[in-house]
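Please look over the aromatic side chains of the structure shown here.

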Amino acid sequence: LLMGKKSNWLSLGGGVRSASFKYHFSVNVQQVKLREGVAISPQAKFQVAWKRGDKLALTREIPADSTNLEFNESLSLVCTMYRTEGGFAAKEASFSLLQQGRDGRDKGTKKLAKASVDLSRFASVESVNASSASFVLLHDGVPVGDLMLAISSRWLKSYSRPESEQSLVHSSESGSDAGSESSASSLADEDTDASELGDFSERLSEPDAELDTDDEVEAATHSRSNAVDGVPKRTPHMRFSGASASDMDELKTALDAAEASKLELEEQLLTVKQAGLQASIEAQEAESQLHKVTNVLHEGDQHRSNLASLADELRGELQAAREEGALTQRQLLEAQQTAAALRAEADAMRTEATTASSEREQAQQALLEAQQGAAATRAEADTMRALAATVTLERDQVQQALLEAQQAAAMAYAEVDTMRA
């Protein structure tokens with residue numbers, strides 16, 4: 001049963017992220033053609049940044065002699081590609097056009113435009129030769145220029161994960177032909193932040209480290225071909241004269257069980273991460289609703305204040321009308337006419353006052369309902385945060401179980417090495 005489960009996980013067509021493979025991508029940044037109407041400063045310099053996750057590769061800075069920016073510079077990164085039923089899962093990378101010192105005095109770096117590229121289009125079983133492709137650089141959805149790239153890739157077979165170390169030939173190759181592509185990614189005007197990629201020697205010691213440059217790949221290949229942590233590399237076809245067939249079968253069964261447990265824990269960890277992400281999204285939505293309700297409450301307070309001011313004005317006008325009626329008693333006819341007019345005006349004011357009072361009561365009712373809704377939203381947000389905390393705890397437990405499974409697998413491998421020795 002464990003052997004069958006392991007085989008299903010290792011099958012290349014067994015679903016999303018059933019196997020991972022290291023690919024070395026080389027990109028020749030040929031040129032950028034700025035669109036007509038794009039104004040550039042003669043003192044400005046430009047460079048292209050290739051970003052994938054926390055990895056960043058930059059070209060040199062070049063001055064803007066014309067609207068055609070000639071780079072002709074090669075960049076390289078190593079990425080982990082995940083095999084799916086139809087090829088490889090999408091692996092988005094961004095290429096940004098950076099501008100240095102855009103007004104001659106400002107020495108900061110500004111993202112001028114950006115294009116997104118799906119690297120899975122250029123991954124295949126066989127090495128993909130460099131093929132030119134044009135990508136549209138966008139700024140807030142507006143085309144700024146065209147980026148010309150020549151992208152090639154090769155599969156680093158010796159850097160596949162342990163559960164993925166098998167041939168890719170039995171699966172269909174993903175397409176590597178490149179055409180014109182338009183990216184819908186918008187770009188903010190904030191300055192670029194380039195984070196450090198970390199110490200090279202520390203990353204070589206990690207079994208699943210993402211290697212960024214050709215020098216790192218070459219150094220890691222040499223290191224892993226000789227030894228791993230001082231232990232000679234295992235030979236897969238070594239025969240064991242000191243161990244019986246039954247012992248080897250038991251050992252193999254234990255290894256298979258440990259690896260199956262590891263894969264199950266990885267799947268559970270992925271599920272917990274997805275649940276945590278969903279809980280975080282729902283909590284953000286709850287906070288947004290709470291903000292909206294707060295705005296409604298604020299508008300209700302303003303409306304109530306306006307109604308109170310209107311009522312005070314009406315009372316003042318009514319008092320002035322009464323005083324005016326008392327002063328006009330000396331002339332009966334004029335006093336009667338004025339009194340009639342004042343009575344009509346007073347009736348209208350009473351009607352408006354009644355309407356204002358009704359609206360104030362409605363506003364108070366709406367305010368009460370809004371406060372109740374805000375309380376319910378806060379309670380829901382607290383529930384979401386508690387759920388997120390629970391999910392985080394479960395994720396930590398799953399990670400701990402995964403670590404124990406990996407330790408068990410390492411002990412089993414060490415026992416096999418000992419028996420081989």
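## Basis and overview

The model is predicted, and a search of the whole structure finds 4 aromatic pairs. A pair of aromatic rings is described by the distance of the centres and the angle of the planes.

## The edge-to-face pair

The ring centres of phenylalanine 21 and tryptophan 155 lie 5.6 Å apart, and because their planes stand at 80°, where over 60 degrees is the cut-off, the pair is edge-to-face. This pair links distant parts of the chain, since phenylalanine 21 belongs to strand β1 (residues 19-34) and tryptophan 155 to strand β10 (residues 142-155), 134 residues apart.

Phenylalanine 21 has 0% relative accessibility and therefore counts as buried, while tryptophan 155, with 13% relative accessibility, also counts as buried.

## The stacked pair

Tryptophan 50 and phenylalanine 95 form a stacked aromatic pair, with 5.4 Å from centre to centre and 15° between the planes. Tryptophan 50 lies in strand β2 (residues 45-52) and phenylalanine 95 in strand β7 (residues 92-100), so the pair ties together parts that are 45 residues apart in sequence. Both tryptophan 50 and phenylalanine 95 are buried.

## The cluster and a charge over a ring

Tyr23, Phe25 and Phe88 make up one aromatic cluster. The ring of phenylalanine 88, a member of that cluster, also has the charged end of arginine 83 sitting over it, at 4.6 Å from the ring centre.

Methods:
Residues numbered from 1 in each chain as written. Predicted model: local features only at pLDDT ≥ 70, side-chain atom pairs only at ≥ 80, totals over all residues. Heavy atoms only, no water. Phe/Tyr/Trp six-rings, centres within 6.5 Å; stacked < 30°, edge-to-face > 60°. Helix = DSSP H or I, 4+ residues; strand = E, 2+ residues; numbered from the N terminus. Buried < 20%, exposed > 50% of the residue type's maximum accessible area, 1.4 Å probe, protein only. Lys NZ or Arg CZ within 6 Å of the ring centre and 35° of its normal.
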